[in-house]
Amino acid sequence: MRSALAVLSVIVLVIHGIVFYDQFFARWQEYQSDYFAKAIAEPGTSDLVKETLRSRRPAIEQTIVRSFGAERVDRCQTCHIAIDDPRFESANQPLKTHPKIPGHKFETYGCTVCHDGQGRAVFTKAAHEGGEDWPWPMVSKDMIQANCVQCHVEPGWEHAPLVNEGRQLFFQRACYTCHTISGLSFGSIGPELTEVGRRRRPDYILGKILDPRATNPTSTMPKQDLTDHQRQALATFLKAQQGSRISRAPLQQFVSAQQARPEWLEVAVIAGPEAAQAMATQVAAKRGEMLLPKAGCLSCHKLGGVDGRVGPDIEYASAQRDYSWLMAHFKDPRSVVPGSIMPPYPLPNEAFVALTEYLTTLPMPKIVDDPAEEYKAICARCHGEKGAGDGLISRYLDPRPRDLTKAAFLKSKPHERLVDSVMNGVPGTSMAPWGKVLGQERAARLVDYVLENISKGGTARVATNRKVPTTNPVPFSAESTARGEAIFLDRCWGCHGKKADGHGPNAVDIWPRPRNLRNKPFVTAASYARLHESIKYGVQGSAMPAAGFDFNLDDKSIGDVINYIHGLNGLGGASQAAQTAPSPETQAKTGNTAKEGGEKSHER
Amino acid sequence: MLQNIIDLPKNVWRSVFRNPLPSSDLGRSQTTFTNLFLHIHPIKTHANSLKPWYTMGLGVFSLSLFIILTASGFLLMFYYVPSVEQAHNRMLDLSGTVAFGTLLRNMHRWGAHAMVAIVGLHLCRVFYTGSYRAPREFNWIIGVVLFLLTLVASFTGYLLPWDQLAFWAITVGTAIAGYAPFVGEEMRFLLLGDRVVGQEALIRFYVLHVAIIPAAITLLVAVHFWRIRKDGGLSRPEGADLPESQAQFPAAIEGKHEGLAPLAKTQKTRQFGVMGLVRGPFTKVGNTPDNTVYSWPNLFIAELFCFALTVVVILCMSLALNAPLEAPADATHPPNPSKAPWYFLGLQEMVSYSAFWGGIGVPTIFVILLLLVPYLDRGTRGTGVWFSRHRLLANVIFTLLLITNLVFMIIGSFFRGPNWALITPW
């Protein structure tokens, strides 16, 4: 025991030695000694200065900055001791002269006001990076502009080109439609970005722009097609969003936020007063043409060679959508496509009118008269090159595009219905009507092409002798919907969900996804017979079982379930009589702008 | 006069240390007895208590850590300001501009974690050797209370750096307290002085951390030690006290092993007297044959060794690893997930299943069981032996509860990601 204690005592002593050594010799002392030696050796140093330098001993140098928000203590000069010594311009860091910036004195401004970093630290890594979760690591040379504009608040300040470019991108790329930045935009779909520069590290902001799903797999934020430079600019602009500007008093801050005009009017819609005048003299369609790229539409949609790679192709809009549909869609995209990720645009009505006018008069590009080319030109964007429903933009569409390789589904459906879907689209989904683009003949040919080349193989039971009533045998009533609800909550909710929104617990593994039965345009447009048949006989090529047989539901019970589904969508009994009537809600929305033609797009 | 000046050093020395280094049993007794710090110990210690694998020195390790924590804590108090504006900046200053600042903080942080672990292990040791049994029931209860106080001390200290880790760990921890029935919210309010963690909470935790809890621990440690003596020393197996005629002294104790003083073999010729009479069957009075060795030097060397080892380990850890310091606390920016300190992660994991049962019900039942153990287990066989077969039931139940808690702790620490969803740590 004694010898063990003796050995341990020696270890204790040694460790104390290490501790003292570790604590008493810091790198900054070496840097300072180095600086003193070099400064003395520098030719032209007067004897007086030499004497002063000789008498100096390494010490922590600090600047206490009180003029910019909370008190800052910057000890950067402890290592960077030569920043105000012009003789060290060509020296290596840390002993390098800081470039002169007129009017910015180190004593008043310190370092971290511009550079960020952790001013109190005197060790390189801690000072520059500030630890793992330090929200303000040193910003790169470019990104410093984000801190310049904290004081230089005038919009478009010429020395911060990256911030200005990022600000433009923020509008051009439609970021403003989803995100709120106090005094700048009012989006409510994405997280607020008013203080994002203060809360998030620059690398986090950059990463989020680069791949929105990297840290949040369920993010619906579209991945933007940006160059490295643009990404840097956008990140710099966002880094500049720090909520309160350090150069303003809280009262000024409050007043300016209250008075702030919604700047999208200038930047996005009119692009400055001159452009506004130029625009004002034009007809609405021309105004729409000028507005479309500025409002950020093409950061998602595809038009005239610009492709945002997120939303559907709008080249053929004039042949696919009419005035009322477009106006309704602009005001609230989910009123016509309930699963849409497109935000309702915070633009005035005139802007919508202009855009709608432009889109309805848009000349559409020619498609080569060959089904393979047609498929590539208009189908592949959503359904995928090989038809597996995994096209470029499919991940942003809800419901997902039909997987055309599922032969059992396509081959079990009558040819007319497939042609009809191509010709008239599928209401409530992103499947647009292609009738006016292709015409009946080419549409039928395209369906044949798909059936032959994509829905290859696979067999389908050809439906024969199916007995499906064309109208509901049970009249719509509260009792009927109650019975239907009971059946639904017994048999259907596992896949379709308790809310009938298609998000039941089993839905995650099912492909194609269970139908969202709260998709009002879809349910409105689907004929009674189709719903009844799907429930009674199931849907081949999907997970929908033949509920009529599996669960022993008679026609009346199925009628109850359909009444329940109709009731959920506010369709009531009216839908039985007029299966193709547009929903009252859509009509009300579109009614003011154009009454005629409103019904057509909803017909199947 | 001149002689007085020449003798000055010698006289000063003698006035401070009343005995020369002992060379006789009498001297050893007197040295132990006349020194404030040493007289806490008995003059003679039972050989069984000195077996390294019996106690593993865990009690002494705990005390050593408490001493290190007190010392480093006092030094840190010179720099720390319990204010939400200043606390975090003071931490930053500490790490660069205060001599030994980083080291002190590291020692305090790692020491605190180590103390929770070691005190917990000490509790396990006492349980598995059945040392809580009569007559040591009350000392066991004091020990359990000391364990809880250690947790509270560590928990209150967690808030003081006022960084994100601190803020959200305390937010989570105190939210658990809020789940207690009837008084939960009031208890939480009393603890925080507010509905949320803020300046009031910081000052309360500070006072608890630097004054009230250390004082309570100091007091209870004194009682704990006092009771060890009065309950007849550390527990030992039956038959450890050999009758005189059968006394078989192990070679190591007999003096063959270098460094151990020879035993007083014949009790009858002992030259010292025990200063006082003590009740109970275990305390050695008069001529009771026993199996003891002199505390000086046997016990003291062992204790000093444990203390030095603790110092070395804590210093090495502090040199190698820096205590984490996250971004300043931000009440509007919670990290996901926000986790409590590791020793409460078992609780947090259980809370994720049931707020009341996980956070309040199960822990309360566990603590009550711990407190009642010596009164439920009144057996005498198997005391003083690790994992005695006579205590199989108690040991199995305790082990099961311990493993359950450990598993929950490990799941909470490593297998829980954002939104407390299960993740794989690799």
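Mentor: The following account takes the salt bridges in turn and then the remaining charged residues.

This is a predicted model, in which local features need pLDDT of at least 70 and side-chain atom pairs count only at pLDDT 80 or more, while totals for chains, interfaces and linings use all residues. Residues are numbered from 1 along each chain as its sequence is written, chains are lettered from A and ligands numbered from 1 in the order in which they are written, and side-chain values use heavy atoms, with hydrogens and water left out.

Side chains of opposite charge can pair when their charged atoms come close. A salt bridge here is a side-chain nitrogen of Lys or Arg within 4 Å of a carboxyl oxygen of Asp or Glu. Over all chains, the structure holds 32 salt bridges. One of them is formed by the side chains of Arg120(A) and Asp93(B), at 2.8 Å from N to O. This pair joins two chains, because Arg120(A) lies in the loop between helix 5 (112–115) and helix 6 (124–128) of chain A, and Asp93(B) lies in helix 5 (residues 87–96) of chain B. Helices (H or I, at least four residues) and strands (E, at least two) are DSSP runs, numbered from the N terminus. Both Arg120(A) and Asp93(B) are buried; buried means under 20% relative accessible area, exposed over 50%, and partly exposed in between (1.4 Å probe, protein chains only). Glu195(A), Arg198(A), Arg199(A) and Asp330(B) are linked in a network of salt bridges.

Within chain A, Asp225(A) and Arg309(A) form a salt bridge whose closest N and O atoms are 3.9 Å apart. The two residues are 84 apart and link distant parts of the chain: Asp225(A) belongs to the loop between helix 11 (202–210) and helix 12 (228–239), and Arg309(A) to the loop between strand 6 (306–307) and helix 17 (317–320). Asp225(A) is partly exposed, with a relative accessible area of 44%, and Arg309(A) is likewise partly exposed, at 40%. In chain B, Asp231(B) pairs with Arg227(B), with the closest N and O atoms 3.6 Å apart. Asp231(B) is buried, at 8% relative accessible area, whereas Arg227(B) is partly exposed, at 25%.

Turning to other charged residues, Lys223(A), Arg395(A), Arg400(A) and Arg513(A) form a positive surface patch. Patches are made of residues with over 30% relative accessible area and no salt bridge; like charges are joined within 9 Å, and nonpolar side chains (Val, Leu, Ile, Met, Phe, Trp, Tyr) within 5 Å. Arg513(A) lies in the loop between helix 24 (478–496) and helix 25 (520–525) of chain A and is partly exposed, at 41% relative accessible area. Asp509(A) is found in the loop between helix 24 and helix 25 of chain A, and is exposed, at 68%.

Asp560(A), by contrast, is buried, with a relative accessible area of 5%. This residue lies in helix 28 (residues 555–568) of chain A. Leaving aside neighbours within four places in sequence, Asp560(A) is in contact with Val474(A), Ser480(A), Thr481(A), Arg483(A) and Gly484(A), where contact means heavy atoms within 4.5 Å. Asp560(A) and Ser477(A) are 83 residues apart in sequence and 9.1 Å apart in space, C-alpha to C-alpha.

Terms used: Accessible areas come from the Shrake-Rupley method with a 1.4 Å probe; for residues, only the protein chains shown count as cover. Lys and Arg count as positive and Asp and Glu as negative; His and the chain ends are not counted. The place of a charge is taken as NZ of Lys, CZ of Arg, CG of Asp or CD of Glu.
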